[in-house]
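Reader: Please take a close look at the pockets of this protein. I would like to know what lines them.

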Amino acid sequence: MRKLIAVVLLGAAGSCARGDGEHEARRGTALPQPTVRSLARLTLTENDTAYLGRPAALAVDPGDGSLYVTDAFLGRVLRFSADGRLLRGYGRRGDGPGELRDPGAVEVAGDEIVVADVGAHRLTRFGRDDGAFRASVRFRGVPTSIVPDRGRLWLGGLDVERKTSVGVWEPGDGEVRGLGSIPAQFTQSAPLAGIYSGAEVAAWNDTVLVGYEGLNRLTFFRPDGSEIRTLRVPVRARKGEMPDLVHSIEHLDFPEQFSANSVLFRIARLPGGNFALVYYDQTIDGSLITARVFLTLLSADFSRACVDRELPVSRDAQPYTAFRGDTLYIVQQAVRGEKASAYVDRYVIDEHACFGART
């Protein structure tokens with residue numbers, strides 16, 4: 001296991017700095033929770049032909065606030081206006097150009113939207129305004145996040161074979177390049193690597209911050225993939241990371257393995273320079289996945305934290321999250337009889353309440 005570099009944040013969290021797991025860190029309830037303000041719920045307008053079968057990812061347009069929701073069931077992305085009106089679709093199920101086999105993460109990159117087609121091992125790009133297919137590029141691994149940064153695309157997702165945790169695509173490249181090491185636990189445990197295969201990315205200036213599903217840590221990389229440092233994240237209410245993770249997970253059956261650890265689902269760098277992390281405590285019952293959703297804030301210098309604000313979500317299906325500025329969006333489905341409807345809850349994050357005025 002790589003050496004973990006503790007920062008002031010970890011000293012404040014007490015046992016969070018220990019290397020033997022994170023469940024014991026739930027005793028650190030003295031840490032404050034984030035302050036958020038709920039906005040009015042958005043109901044997404046659907047019809048008999050343009051509806052969401054199974055939401056699988058969410059992105060929010062940084063320009064006009066449009067909502068892009070990946071539909072894993074129907075193999076497409078639907079775009080809704082900032083007030084929930086249906087605007088257009090991108091792609092359809094299939095393996096041909098502009099078609100999507102198993103779409104997941106989606107993001108807005110300039111005048112394009114980019115979709116990670118996990119089943120086809122490629123990124124597919126569409127015109128943002130006309131919906132036209134632009135191009136595809138191959139990738140390896142299972143990307144769960146896409147982050148545009150100065151013309152490049154950063155992807156978070158483990159490639160255990162190549163031992164990389166980040167992909168980067170530059171315009172003109174024929175495939176995504178793998179960068180960044182992976183924590184040793186993923187090479188030591190097949191269940192861990194198979195279940196918790198995602199990674200979340202934030203990129204700014206010359207720094208790439210990566211968080212791992214199933215592990216309670218963040219790693220900083222340079223743009224060339226060389227590691228800068230690693231730190232652990234405090235835990236207050238969520239599950240965190242099992243003690244002696246590699247050994248412990250091997251002795252569980254699949255449903256318990258799936259639910260054993262908190263899963264990092266999103267990292268965002270907020271307007272004040274601080275960081276927001278969204279964690280899920282998931283459960284699985286047959287094919288139904290549900291989650292408890294927790295929000296954690298870390299200060300820009302990682303010396304302070306507001307930890308594990310639980311946000312109310314539907315128990316009818318797995319929710320998905322995205323950020324626009326200081327606002328967290330959560331797309332959900334509610335099931336009534338044989339009818340499912342989709343809606344978006346929004347929460348404005350109060351950075352000042354947690355960290356004070358930015359200096």
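Author: The second largest pocket has a volume of about 650 Å³. A pocket here is found on a 1 Å grid over the protein atoms alone, as an open set of points where a 1.4 Å probe fits, with protein on both sides within 12 Å along at least five of seven lines; lining residues have an atom within 4 Å of a point. Grid points are joined across faces, edges and corners, and the volume is the space filled by probe spheres set on the points. The model is predicted: local features need pLDDT of at least 70 and side-chain atom pairs pLDDT 80 or more, while totals for chains, interfaces and linings use all residues. Residues are numbered from 1 along each chain as its sequence is written, and side-chain values use heavy atoms, without hydrogens and water.

Two or more lining residues come from each of E3, E9, E13, strand E17 (199–204), E21 and E25; strands (E, at least two residues) and helices (H or I, at least four) are DSSP runs numbered from the N terminus. The lining divides into 18 nonpolar, three polar and six charged residues, with Ala, Val, Leu, Ile, Met, Phe, Trp, Tyr, Cys and Pro counted as nonpolar, Asp, Glu, Lys and Arg as charged, and the others, Gly among them, as polar.

The largest pocket has a volume of about 1000 Å³. Its lining has 40 residues, with Ala56, Phe265, Ile289, Gln318 and Tyr320 nearest the centre. E9 gives the most to this lining, five residues.
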